[in-house]
Amino acid sequence: MLERIVVKWDPPFVLELEDKIAKRGYFGKGEEIILTDFSKRLKRELEKYFKGRPTDFRWVSIEYPSKFERILKEVRKIPFGKTVTYGDLAERLETSPRVVGAALRMNKVPVIIPCHRVVAKRGLGGYSYGVEIKRKLLSLEI
DNA sequence: TTTTACTGGTCTG
DNA sequence: CAGACCAGTAAAA
């Protein structure tokens, strides 16, 4: 059974889960469907996050895209308020910056996998959901 | 300062 | 299958 958490923000953040696994997230409208204590807890954490309080989502299990799991797991280690460059991650994982970008593009659960904390060496870098949202998420974490 | 090569996937025809 | 398209960067031109 699908559950959907909606957190008030501008734009609203929507996260869908199934059996305690985060499957998809996006920014926009959505009807809220919450059933389990697990998703209630997760919603409270998300509300805390969007108020700008330091929060950690490493306890949440995620359905990763087929490839790139290795890269996305590394991204999850980036703490609240800190940023890393595509190049740094590429070096650490022995791949190329383009590939890191490709991996982040496949991220289905923004915020839970904090891909907005990965920036270009000079400048902000891209963001699937729009760079304005990336900027806003980063400004939350100052 | 602009162009090129490198990279490893996904998406489309 | 082949070719186009990327959330980047260093090095050559």
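Predicted model: local features only at pLDDT ≥ 70, side-chain atom pairs only at ≥ 80, totals over all residues.

Colleague: Which residue has a backbone atom 2.8 Å from a base nitrogen of DNA strand C?

Modeller: That residue is L104, through a backbone N or O atom.

Colleague: And which residues surround DNA strand C?

Modeller: They are Y86, G87, P97, R98, L104, R105, C115, A120, K121, G126, Y127 and S128. Of the atoms of DNA strand C that come within 4 Å of the protein, 45% belong to sugar and phosphate.

Colleague: Which element gives the largest share of that surface?

Modeller: Helix α4 does, with 4 residues near DNA strand C. Both α3 and α4 supply at least two residues each.

Colleague: What about the other strand, then? Which residues surround DNA strand B?

Modeller: DNA strand B has S66, K67, F68, S96, R98, V99, A102, R105 and M106 around it. Of its atoms within 4 Å of the protein, 80% are from sugar or phosphate, and the rest are from bases. S96 has a polar side-chain atom 3.4 Å from a sugar or linking oxygen of DNA strand B.

Colleague: Let us return to α3. Which of its residues are buried?

Modeller: In α3, which covers residues 86-93, the buried residues are Y86, L89, A90 and L93. They line one face of the helix, because they fall within an arc of 100° when seen down the axis of α3.

Colleague: What do those buried residues pack against?

Modeller: They pack against α2 (69-75), β5 (84-85), α4 (97-105), β6 (118-119) and α5 (131-140). Just after α3 comes E94, whose phi is positive, about 55°.

Colleague: A change of topic: in what order do the 4 strands of the open sheet run?

Modeller: The order is β1-β2-β3-β4, with mixed pairing. β1 (2-7) and β4 (61-62) are the edge strands; each has a single partner strand, so one side of each is left without a neighbour in the sheet.

Colleague: Which helix packs on that sheet, touching β1 and β2?

Modeller: Helix α1, residues 37-50, does so, and its direction makes about 25° with that of β1.

Colleague: How are β1 and β2 paired, parallel or antiparallel?

Modeller: They are antiparallel over 6 bridges, with β2 spanning residues 13-18. A hairpin of 5 residues joins the two strands. Along this pair, L2 has E18 as its bridge partner in β2, and I5 stands opposite L15.

Colleague: And on to β3, how many bridges link it with β2?

Modeller: There are 6 bridges, in the antiparallel sense, and β3 covers residues 21-27. F13 has F27 as its bridge partner in β3. The hairpin of β2 and β3 has 2 residues between the strands, and D19 takes a positive phi near 50° there.

Colleague: Why is β2 described as largely enclosed by the rest of the structure?

Modeller: The description applies because 5 of the 6 residues of β2 are buried, where buried means under 20% relative accessible area.

Note on methods. Residues numbered from 1 in each chain as written. Chains lettered and ligands numbered in written order. Heavy atoms only, no water. Buried < 20%, exposed > 50% of the residue type's maximum accessible area, 1.4 Å probe, protein only. Arc of directions from axis to C-beta. Contact = heavy atoms within 4.5 Å. Pairing = 2+ DSSP bridges. Axes fitted to C-alpha atoms, helices over the stretch in contact; angles between N-to-C directions. Near = heavy atom within 4 Å. Polar contact = N/O pair within 3.5 Å; in protein donor to acceptor, adjacent residues only side chain to side chain.
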